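Morning, everyone. Please have the sequence and the model open while I talk.

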Amino acid sequence: MLQSLHVKNLALIEETEVEFDSGLNILTGETGAGKSIIVGSMNLALGEKIPKDMVRNEEKPALVELIFQLDNEEQARQLRAMEIEPDENQVVLSRRIAAGRSVARINGETVPVSVLKEVASIFIDIYGQHENQTLLNKKKHLVLLDEYAKDALANDLEVQRRLYKEYRDLKKKREESVTDEKERIREMELLQYEISEIEAANLTEGEDESLEERYRLMSGSQKVVAALDACHQLLMGDGESASALVGRATREGQVVQSFSKRGEELYSQLLEVEDLLTQTGRDVADYMEELNFSEEEFYEVQERLNAINHLKDKYGDTVEQIFAELDKRVRRLEELSDYENFLSNLEKQWEAVQSKMQMQCQKLTTIRKKYAAELTFKVTQALIDLNFLDVKFDMQFGTTKEPTLLGVDEPEFVISVNPGEPLKPIEHVASGGELSRIMLAMKSVLAANDKISTLIFDEIDTGISGRTAQMVAEKMNDIGRTTQVISITHLPQIAAMADQHFLIEKQVVDAVTISNITRLNPEEEITELARMLGGAVISDAVLMNAKDMRAQAIRMKQ
């Protein structure tokens with residue numbers, strides 16, 4: 001579960017740290033107090049893009065840090081698979097933003113943002129204010145189903161991906177193979193010309209790199225030779241050269257070497273320096289000799305490079321790519337030379353891959369239908385808990401025209417919320433408040449299935465009031481018994497159910513507006529509930545109502 005959140009220099013937050021607990025954690029506050037900044041900062045730590053103007057003070061770094069406590073062995077297994085070791089059963093995710101750049105870390109070790117996202121998904125699922133709109137997108141229904149059935153589907157989806165590539169490549173090959181005799185002959189002539197052109201060049205692997213290096217040396221040889229000559233004169237030349245000076249030092253060292261152990265060591269070192277200097281002088285001279293070439297040699301290197309670069313322009317950026325293109329053309333020429341046999345074999349391959357694809361897609365459909373029945377049953381039960389009195393929730397399966405990377409399934413959730421009404425697509429039935437409850441039911445089922453330890457709801461109460469709000473509160477309390485829930489809400493019915501209640505409010509300090517978050521004590525919880533119930537003026541009657549609401553919630557939780 002999420003133990004703590006540390007935010008620094010983001011939006012209205014100067015610096016704050018929040019310690020969460022298990023169960024239902026509720027965040028409330030006036031509109032504009034900064035509640036959504038809390039969720040936004042969590043999203044940053046979980047790898048989302050950094051919105052413009054999110055950093056409060058551009059001259060200072062911003063920081064978001066989340067500390068998670070491992071809740072089950074499955075989380076530990078997933079972390080081990082990613083070679084991440086918890087530190088005292090904890091995982092710390094952080095993101096530091098400075099000068100427009102961000103650094104992501106896990107347990108203090110720098111990682112790519114993609115890894116941060118992957119690790120975060122093991123612990124937490126955030127339900128944003130507008131996420132219920134995903135239910136209106138039919139394509140997302142397959143995503144939700146596959147998320148529920150991911151363990152059962154994993155191996156077969158991998159098989160499907162490999163098979164789909166083979167299927168797609170063969171399909172493209174069949175489409176390209178339809179050609180008349182004149183086109184076939186023209187293509188063969190072009191292939192023969194290109195094969196001959198590449199083969200005539202007699203390329204060798206790595207030849208281009210060695211030639212380019214040789215050409216660079218030849219092009220700058222005058223400067224290089226001049227520098228080497230000066231180096232040789234300084235090392236080995238007449239007069240005060242390094243060789244002469246070291247030679248004199250060595251002769252003087254010979255005098256002292258017989259007087260002490262230390263003298264022997266110094267003389268030995270001088271001899272080594274003299275030998276190294278002599279060898280270096282020879283190496284410089286040899287290198288100068290290598291750079292002694294004729295204009296004819298330079299012309300040959302230049303022409304050979306031009307020929308290779310001409311082939312690169314047509315067939316690939318490297319000699320290896322040119323060879324690969326040659327192999328492709330040779331194979332294609334063989335196909336065209338025995339075209340009838342090629343077409344016959346191609347059709348056999350096509351029929352075989354179609355048959356395998358059909359069987360694999362059917363396998364995926366069977367698995368999905370099984371888990372769709374499970375998922376819709378569980379969601380139906382959750383919807384009943386959320387004041388859908390006579391609800392029917394199911395999934396209907398359509399089929400795509402062509403196989404895809406995920407198979408041929410095109411499933412869609414359908415619902416009936418009134419007695420006697422037929423099942424219809426969600427977008428034709430559900431209101432805004434109903435969409436929120438359907439997504440809450442879906443998230444509760446998926447979180448239990450995934451062993452997600454923390455669910456975050458950003459204003460799940462959109463379009464909800466009255467008895468429905470009370471049932472949503474009770475459902476969130478039920479979820480909180482097994483999964484940590486952190487919820488931003490405007491509804492007192494939900495806030496009353498809190499195991500921990502946090503207040504977010506704006507303050508002006510030294511003419512600067514900042515947001516603070518504090519955990520409320522029992523008395524402060526009543527005051528905040530009264531504000532949510534009664535608005536600006538909190539009467540004794542509103543306070544009594546708040547106390548009664550909280551007392552009922554506590555009795556229900558017990």
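Among contacts in the protein chain between residues at least 6 apart in sequence, 70% join residues at least 24 apart. Contact here means heavy atoms within 4.5 Å. A note on sources: this is a predicted model, local features need pLDDT of at least 70, side-chain atom pairs count only at pLDDT 80 or more, and totals for chains, interfaces and linings use all residues. Residues are numbered from 1 along each chain as its sequence is written, and side-chain values use heavy atoms, with hydrogens and water left out.

Overall dimensions next. The radius of gyration of the protein chain is 37 Å, whereas a compact globule of 558 residues would have one near 24 Å. That radius is taken over C-alpha atoms, and the globule rule is 2.2 Å times the number of residues to the power 0.38. Along the principal axes, the C-alpha atoms fill a box of roughly 110 × 85 × 45 Å. Of the 558 residues, 43% are buried. Buried means under 20% relative accessible area, exposed over 50%, partly exposed in between, with a 1.4 Å probe and protein chains only.

Secondary structure: 18 helices and 15 strands. Both are DSSP runs numbered from the N terminus: helices are H or I with at least four residues, strands E with at least two.

Now M54. Where is M54 placed? In the loop between α1 (35–45) and β4 (62–69). M54 has 11% relative accessibility, so M54 counts as buried. Leaving out residues up to four places away in sequence, M54 touches N9, L10, A11, I37, G40, S41 and L44. From M54 to L44 is 10 residues in sequence and 9.9 Å in space, C-alpha to C-alpha.

On to the strands. β4 pairs with β5 (residues 90–98) in the antiparallel sense, over eight bridges. Pairing takes at least two DSSP bridges between two strands. A62 stands opposite I97 in β5. β5 also runs antiparallel to β6 (residues 101–106), with six bridges. There, A98 stands opposite R101. β5 and β6 form a hairpin with two residues between them, and A99 in the turn has a positive phi of about 55 degrees.

Last, two helices. The axes of α4 (residues 138–148) and α5 (residues 150–177) come within 6 Å and cross at roughly 105 degrees. So α4 is roughly perpendicular to α5; that class covers 65 to 115 degrees, with under 35 roughly parallel, over 145 roughly antiparallel and the rest oblique. D146, E147 and Y148 of α4 meet K150, L153 and L157 of α5.

Definitions and conventions:
Axes are lines fitted to C-alpha atoms, for helices over the stretch in contact, and angles run from 0 to 180 degrees between N-to-C directions.
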